[in-house]
Amino acid sequence: AHPFNILPALQKGGGMFNQKNKALTHLSINRRYFLEDIDNPWKFRNKLTEIPNLGMAKASFAVELTHPTLLRSPVCLDTHVLGWLGHKDKNGKLNVLDYQQLETDFQTISKHPFITRNILWDKAQRQPNPRYWSYTLE
């Protein structure tokens, strides 16, 4: 039996039900393995990419949320960030070395990549600040 029932939540929110179910099941069954490196954002991100269908961008996003105050940590290079870096055509097509190079490039041009990425995201959404979504974390 599962430690928690994830099916109702998955059925309510969005598509890719089977992929989400497989990924969350893998994470819940192996959570000790994944969380043993949570204090090292790089190792934590790399472990998260072992979850089925979870790539570097989404794993990096999870790390950004768990380590928002770090000046140097993995960066979520989603389609928007890749576009800002002039590489939108590479979305979903980056190998690990290319991803890490672009991550380094983004960190070079930004003192705090997590904050920079969120400010750029808010601007892309035509929002003056993150309150339009951040209330969900309270």
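1. A salt bridge is taken here as a side-chain nitrogen of Lys or Arg within 4 Å of a carboxyl oxygen of Asp or Glu. By this rule there are four salt bridges. The model is predicted: local features need pLDDT of at least 70, side-chain atom pairs count only at pLDDT 80 or more, and totals for chains, interfaces and linings use all residues. Residues are numbered from 1 along each chain as its sequence is written, and side-chain values use heavy atoms, with hydrogens and water left out.

2. Glu103 and Arg45 form a salt bridge, with their closest N and O atoms 2.9 Å apart. Glu103 belongs to helix α7 (residues 96-109) and Arg45 to helix α4, so this pair ties together parts 58 residues apart in sequence. Helices are DSSP runs (H or I, at least four residues), numbered from the N terminus. Both Glu103 and Arg45 are buried; buried means under 20% relative accessible area, exposed over 50% (1.4 Å probe, protein chains only).

3. Lys47 meets Glu36 in a salt bridge at 2.6 Å, N to O. Because Lys47 lies in helix α4 (residues 41-48) and Glu36 in the loop between α3 (31-35) and α4, the pair ties together parts 11 residues apart in sequence. Lys47 is buried, at a relative accessible area of 9%, whereas Glu36 is exposed, at 55%.

4. Asp37 also forms a salt bridge with Lys47, the closest N and O atoms being 2.9 Å apart. Asp37 lies in the loop between α3 and α4, 10 residues from Lys47 in helix α4. Asp37 and Lys47 are both buried.

Terms used: Helices (H or I, at least four residues) and strands (E, at least two) are DSSP runs, numbered from the N terminus.
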